[in-house]
Amino acid sequence: CTKAGGTTDLDQTTGLNRVHLRSTTNKILIGANAEGNNLSAKVYVINKATDPTLYLTVMIGSQTIGKLYAGDWMFFPWSQTDVSADLKIAATNWTSSTGDIPVEYAMFHEDTDFLTAS
């Protein structure tokens with residue numbers, strides 16, 4: 001994983017974070033930042049649920065980029081093009097009787113101004 005336009009390794013990270021989804025409402029994992037334009041970032045997301053019927057929808061802005069079923073993970077490059085490109089997730093098939101869906105995520109990047117949304 002290298003910085004944009006070169007061979008220098010990425011040297012920043014948000015660290016490994018964990019959230020517990022308890023509703024089907026979209027949750028912002030990492031907020032977009034216009035200052036991150038044209039810089040390199042890689043994102044890791046894993047659905048730690050053990051119930052195979054519980055999955056996540058992963059979005060950048062309003063565009064769905066994939067679904068993560070129990071135990072599935074993804075690692076992808078993320079280039080922020082505008083402030084509406086938040087990285088969001090939403091629980092699917094969740095009900096109050098299924099319990100929470102644990103999700104872990106991290107971002108590796110070159111910009112020190114990236115912020116993790118709560």
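This is a predicted model: local features need pLDDT of at least 70, side-chain atom pairs count only at pLDDT 80 or more; totals for chains, interfaces and linings use all residues.
1. Residues are numbered from 1 along each chain as its sequence is written, and side-chain values use heavy atoms, with hydrogens and water left out.

2. The score to know is pLDDT, the predictor's confidence in each residue, from 0 to 100. Its mean over the protein is 83, and 86% of the residues reach 70 or more. Confidence is highest in strand β7 (residues 73–77), at a mean of 94, and lowest in strand β10 (residues 115–116), at 46. Over residues 114–118 the pLDDT is below 50, and this stretch has 18 contacts in the model beyond near neighbours in sequence. Here a contact means heavy atoms within 4.5 Å.

3. **The overall layout.** Which elements make up the protein? There are ten strands and zero helices. Both are DSSP runs numbered from the N terminus: helices are H or I with at least four residues, strands are E with at least two. Among contacts between residues at least 6 apart in sequence, 77% join residues at least 24 apart.

4. Of the 118 residues, 42% are buried. Buried means under 20% relative accessible area, exposed means over 50%, and partly exposed lies in between (1.4 Å probe, protein chains only). The protein exposes about 6100 Å², with carbon and sulfur atoms supplying 49% of that area. These areas come from the Shrake-Rupley method with a 1.4 Å probe, and for residues only the protein chains shown count as cover.

5. Why is strand β9 (residues 101–109) described as largely enclosed by the rest of the structure? Eight of its nine residues are buried, so the rest of the structure largely encloses it. Strand β4 (residues 41–47) runs antiparallel to β9 and is joined to it by seven bridges; Tyr44 has Ala106 as its bridge partner there. Strand β2 (residues 17–21) also pairs with β9 in the antiparallel sense, over five bridges, and His20 stands opposite Pro102. Two bridges join antiparallel β1 (residues 12–13) to β9, with Thr13 opposite Phe108. Strands count as paired if DSSP finds at least two bridges between them.

6. **The nonpolar core.** The largest nonpolar core has 23 residues, and those with the most contacts inside it are Leu29, Ile30, Val43, Val45, Leu87, Ile101 and Val103. β9 gives the most to this core, with four residues. Such a core is a set of buried Ala, Val, Leu, Ile, Met, Phe, Trp, Tyr and Cys residues joined through side-chain atoms within 4.5 Å. Leaving aside neighbours within four places in sequence, Val45 is in contact with residues including Leu29, Trp73, Phe76 and Val103.

7. **Ile46 and Asn47, side by side in β4.** Ile46 has its place in strand β4 and is buried, with a relative accessible area of 11%. Ile46 and Glu104 are 58 residues apart in sequence, yet 5.4 Å apart in space, C-alpha to C-alpha. Beyond four places in sequence, the contacts of Asn47 include Leu54, Tyr69, Ile101 and Pro102.

8. **From Asn47 to Ala49.** The side chain of Asn47 reaches the backbone nitrogen of Ala49 at 2.8 Å. Ala49 lies in the loop between β4 and β5 and is buried, with a relative accessible area of 10%. Ala49 touches Leu54, Ala70, Gly71, Ile101 and Pro102, not counting residues up to four places away in sequence.

9. **A threonine pair.** Thr57 lies in strand β5 and counts as buried, at 12% relative accessibility. What does the side chain of Thr57 make a polar contact with? The partner is the side chain of Thr92, at 3.3 Å. A polar contact is a pair of N or O atoms within 3.5 Å; within protein, one must be able to donate a hydrogen and the other to accept it, and residues adjacent in sequence count only if both atoms are side-chain atoms.
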